[in-house]
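This report goes through a single protein chain, element by element. The sequence and the model come first.

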Amino acid sequence: MSKLERESFVFYKSFFDQLEALSAEDAFPLYRAIARYGLLHEEPDLKGIQKVVFIGVRAQLEANWKRWENGCKGSDFGHKGGAPKGNRNARKTTPKQGQNNPKTTPNENDNVNENVNEKGGTGETDVSRQQRFTPPALEEVQRYVGEKGYRIDAQRFIDYYASNGWKVGKNPMRDWKAAVRNWQRRENTQSPIAESQKGEMQPKFFKFVQQSEKDTHSLRKSLKQP
């Protein structure tokens, strides 16, 4: 846990949307947990659906913490009279013709846009793509399953992926709806096979019973003969 304390943090709309889907009893502890983590870097003690929602929120809060701490380190270098390696302020720029005294405004927001590559590029990184994923609430899965007409236990789906950190194989999940569809495909491929095998076994079983009855009847008849 960091020893530093922040004066503010960003509460994203995606956080709000997830909490709105919960009951007031479940949502209030999460509001408090998010605030204490965002300001004090304090790990909460949550369980059930509250823990599932916080796992997705925590990734973004932690990324913002690291950016803020890196900004504090850069500030320490400035007090000592130098700039850290790679800092844009250490680069010399020559103004182009027609530009007199160009001004640059430093970005004071400690929550940098997620699409900015940490190496200075503008492309997306694997980390930024992963940060955008938010585990669904139980109500969201139930609603999606109902819209698709699937016969899936939404709670079982939530429990399974929450237990393995919302990963598909060894990779972090990016689309939970795709995972629901794959779950349904597995259900479809397993159930028909079992039903077909059951259907094939029933006629064979009845034939066996009928033949056994005939054999028993013949045996009794033969025993009665002198």
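## A term for helix pairs

Angles between axes under 35 degrees count as roughly parallel, those over 145 as roughly antiparallel, those from 65 to 115 as roughly perpendicular, and the rest as oblique. The model to which these terms are applied here is predicted.

## The chain as a whole

The chain holds seven helices and two strands. Read from the N terminus, the order of the elements is α-α-α-α-α-α-β-β-α.

Of the 226 residues in the chain, 23% are buried. Among contacts with a separation of 6 or more, 58% join residues 24 or more positions apart.

## Helices H5 and H6

The axes of H5 (residues 138–148) and H6 (residues 154–163) come within 9 Å of each other and cross at roughly 130°. Angles of 65 to 115 degrees would be roughly perpendicular and angles over 145 roughly antiparallel; H5 and H6 are therefore oblique to each other. Their crossing is right-handed. On the H5 side the contact is made by Leu-138, Val-141 and Gln-142, and on the H6 side by Ala-154, Gln-155, Phe-157 and Ile-158. Sorted by class, the residues of this contact are five nonpolar, two polar and no charged.

Which residues of H5 are buried? They are Leu-138, Val-141, Tyr-144 and Val-145. These residues cover an arc of only 135° around the axis, so they sit on the same side of H5. Gly-146 and Glu-147, on the other side of H5, are exposed. After H5 comes Gly-149, with a positive phi near 75°.

## Helices H1 and H2

H1 (residues 13–20) and H2 (residues 24–40) have axes that come within 10 Å and cross at roughly 155°. That angle makes H1 roughly antiparallel to H2. The crossing of H1 and H2 is right-handed. Phe-15, Phe-16, Leu-19 and Glu-20 of H1 meet Ala-27, Leu-30, Tyr-31 and Ile-34 of H2. Seven residues of this contact are nonpolar, none is polar and one is charged.

The buried residues of H1 are Phe-15, Gln-18 and Leu-19. Viewed down the axis of H1, they fall within an arc of 95°, so they line one face of the helix. Lys-13 and Glu-20 are exposed on the other side of H1. Glu-20 is also one of the H1 residues that meet H2.

Gln-18 lies in H1. Is Gln-18 buried or exposed? Its relative accessibility is 9%, so Gln-18 counts as buried. Leaving out residues up to four places away in sequence, Gln-18 touches Val-53, Val-57, Thr-134 and Pro-135.

Leu-39 belongs to helix H2. With a relative accessible area of 26%, Leu-39 is partly exposed, because the partly exposed class lies between under 20% for buried and over 50% for exposed. Leu-39 and Phe-9 are 30 residues apart in sequence, and their C-alpha atoms are 6.5 Å apart in space.

## Glu-62 and His-41

Glu-62 is part of helix H3 (residues 48–79). At 17% relative accessibility, Glu-62 counts as buried. Apart from neighbours within four places in sequence, Glu-62 is in contact with Tyr-37 and His-41. Tyr-37 and Glu-62 are 25 residues apart in sequence and 8.5 Å apart in space, C-alpha to C-alpha.

His-41 is found in the loop between H2 and H3. His-41 is buried, its relative accessible area being 10%. Its phi is positive, about 60°, although His-41 is not a glycine.

## Positive phi and Trp-166

Most residues other than glycine have a negative phi. Which value does the phi of Trp-166 have? It is near 55°, a positive value in a residue other than glycine. Trp-166 lies in the loop between H6 and strand S1 (167–168). Trp-166 is buried, with a relative accessible area of 3%.

Notes
Residues are numbered from 1 along each chain as its sequence is written. This is a predicted model: local features need pLDDT of at least 70, side-chain atom pairs count only at pLDDT 80 or more; totals for chains, interfaces and linings use all residues. Side-chain values use heavy atoms; hydrogens and water are left out. Helices (H or I, at least four residues) and strands (E, at least two) are DSSP runs, numbered from the N terminus. Buried means under 20% relative accessible area, exposed over 50%, partly exposed in between (1.4 Å probe, protein chains only). Contact means heavy atoms within 4.5 Å. Axes are lines fitted to C-alpha atoms, for helices over the stretch in contact, and angles run from 0 to 180 degrees between N-to-C directions. A crossing is left-handed if the near helix is turned anticlockwise from the far one by less than a right angle, and right-handed if clockwise. Ala, Val, Leu, Ile, Met, Phe, Trp, Tyr, Cys and Pro count as nonpolar, Asp, Glu, Lys and Arg as charged, and the others, Gly among them, as polar. The arc is that of the directions from the helix axis to the C-beta atoms.
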